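I opened my notebook today to look up charged side chains and their partners. Here is what I wrote down as I went along.

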Amino acid sequence: MINLELPKKLKASANQAHQVASQIFRPISRKYDLAEHEYPVELDTMAAMIEGLSDSGTQKIGGAAGGRGDEADADLIANANGGNMSALLNALETSWGDVGLMLTIPYQGLGNAAIAAVATDEQLERFGKVWAAMAITEPSFGSDSAAVTTTAVLDGDEWVLNGEKIFVTCGQRATHIVVWASVDKSLGRAAIKSFVVPRDAPGLSVARLEHKLGIKASDTAVLLLQDCRIPADNILGSPEVNVEKGFAGVMQTFDNTRPLVAAMAIGVARAALEELRGILTEAGVEISYDTPAMNQHAAAAEFLRMEADYESAYLLALRAGWMADNKKPNSLEASMSKAKAGRTGTDVSLKAVELAGSLGYSQRLLLEKWGRDSKILDIFEGTQQIQQLIVARRVLGKSSAELK
């Protein structure tokens with residue numbers, strides 16, 4: 001059974017992440033919000049620190065380091081808290097500082113979570129210290145990951161990839177790209193595999209960088225793969241196509257990353273709530289936990305409602321991360337946490353802007369920035385609507401063909 005009291009090792013790791021958010025991210029947050037596409041050079045100093053923590057066995061600072069969990073520990077004890085739970089808490093804390101900067105931490109890309117989820121032991125050894133972005137979405141589809149049109153054809157001892165990927169987070173800065181492609185379109189979704197493509201691979205190019213509503217510190221790229229060649233053993237996991245299994249192995253990536261995105265939204269929501277509480281207190285609005293909300297100031301009642309949503313989103317994310325570490329199927333719980341947190345993040349941050357009045361809408365505070373940043377957390381890694389659809393399928397026992 002999950003224990004909601006965090007162990008000492010996770011508290012220490014989360015505290016380190018919070019210090020990074022407070023001392024490094026917050027002071028430069030507005031700077032890189034206004035300087036879109038400019039690389040945050042302050043993050044370079046973090047790369048060596050993160051590598052040192054990893055080599056020493058300490059949990060990583062970044063939020064995208066979730067993986068299979070500590071399987072050896074999970075076999076020995078009834079309640080394991082491993083890589084997924086640590087990554088979730090670190091994502092929450094660093095996103096409290098700045099979610100765009102969090103997504104730009106060197107060697108902590110979303111592609112790293114994909115590698116951790118499905119790579120072989122040999123591949124984990126080979127790609128364990130790369131900076132990997134993840135390229136899934138294409139111009140012809142968004143949330144329907146089974147609609148991948150990028151192809152991968154085996155030519156001797158190399159794969160040849162062709163296609164276009166859009167909305168690739170850290171697509172220009174990362175050293176490697178995890179690309180989703182089909183090895184045989186006639187076999188449908190079962191033939192969709194993920195490939196590790198080095199940044200300098202021949203045939204890989206950056207077409208453009210997107211201008212965005214939020215997370216401006218993070219570069220979002222359009223990538224072109226034109227007869228892009230990579231080694232045959234850069235296909236993650238097994239190269240065999242199992243029609244019965246479908247592409248469950250590739251989709252396992254989402255079971256790890258969706259709770260992380262939920263944690264990002266929770267971190268932004270907490271930042272907004274803390275800022276709003278200070279504003280309301282300064283304005284003389286008392287928030288009481290002993291008096292019914294209906295008998296309090298309207299702003300206090302709204303704050304209590306949002307805080308309750310924040311707490312429920314936090315608990316749902318903890319459950320999804322804990323299940324991943326304890327080798328329990330968590331597809332339903334991962335989608336529930338992502339849906340709840342994504343919706344809560346936008347609601348809380350935008351309502352905080354509203355309740356703070358002209359101060360919230362100005363750039364004097366970071367509230368308006370958090371309002372803009374939060375929206376993407378309700379969209380990427382599967383939109384709000386897609387998460388609700390997945391939850392409905394799981395609860396009702398329906399297949400994707402039966403419930404669309």
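I began with a count: this predicted model has 26 salt bridges. As a reminder to myself, side chains of opposite charge can pair when their charged atoms come close.

**Entry on E42 and K31.** I looked up this salt bridge and found its closest N and O atoms 3.0 Å apart. E42 sits in the loop between α1 (8-34) and α2 (44-55), while K31 belongs to helix α1, so the pair ties together parts that are eleven residues apart in sequence. I noted E42 as partly exposed at 23% relative accessibility, and K31 as partly exposed at 42%.

**Entry on E122 and R126.** Next I turned to helix α7 (residues 121-127), where E122 and R126 lie four residues apart, about one turn of the helix. Their side chains meet in a salt bridge of 2.8 Å, N to O. R126 is partly exposed at 32%.

**Entry on E302 and R305.** In helix α9 (residues 298-325) I found these two, three residues apart.

**Entry on K216.** Is K216 buried or exposed? Its relative accessible area is 17%, which is under 20%, so I wrote down buried. I placed K216 in the loop between β6 (204-209) and β7 (220-231). Its side chain makes a polar contact of 3.5 Å with that of E36. Beyond its neighbours within four places in sequence, K216 is in contact with Y32, D33, E36, H37 and R372.

How values were computed:
Residues are numbered from 1 along each chain as its sequence is written. This is a predicted model: local features need pLDDT of at least 70, side-chain atom pairs count only at pLDDT 80 or more; totals for chains, interfaces and linings use all residues. Side-chain values use heavy atoms; hydrogens and water are left out. Buried means under 20% relative accessible area, exposed over 50%, partly exposed in between (1.4 Å probe, protein chains only). A polar contact is a pair of N or O atoms within 3.5 Å; within protein, one must be able to donate a hydrogen and the other to accept it, and residues adjacent in sequence count only if both atoms are side-chain atoms. Contact means heavy atoms within 4.5 Å. A salt bridge is a side-chain nitrogen of Lys or Arg within 4 Å of a carboxyl oxygen of Asp or Glu.
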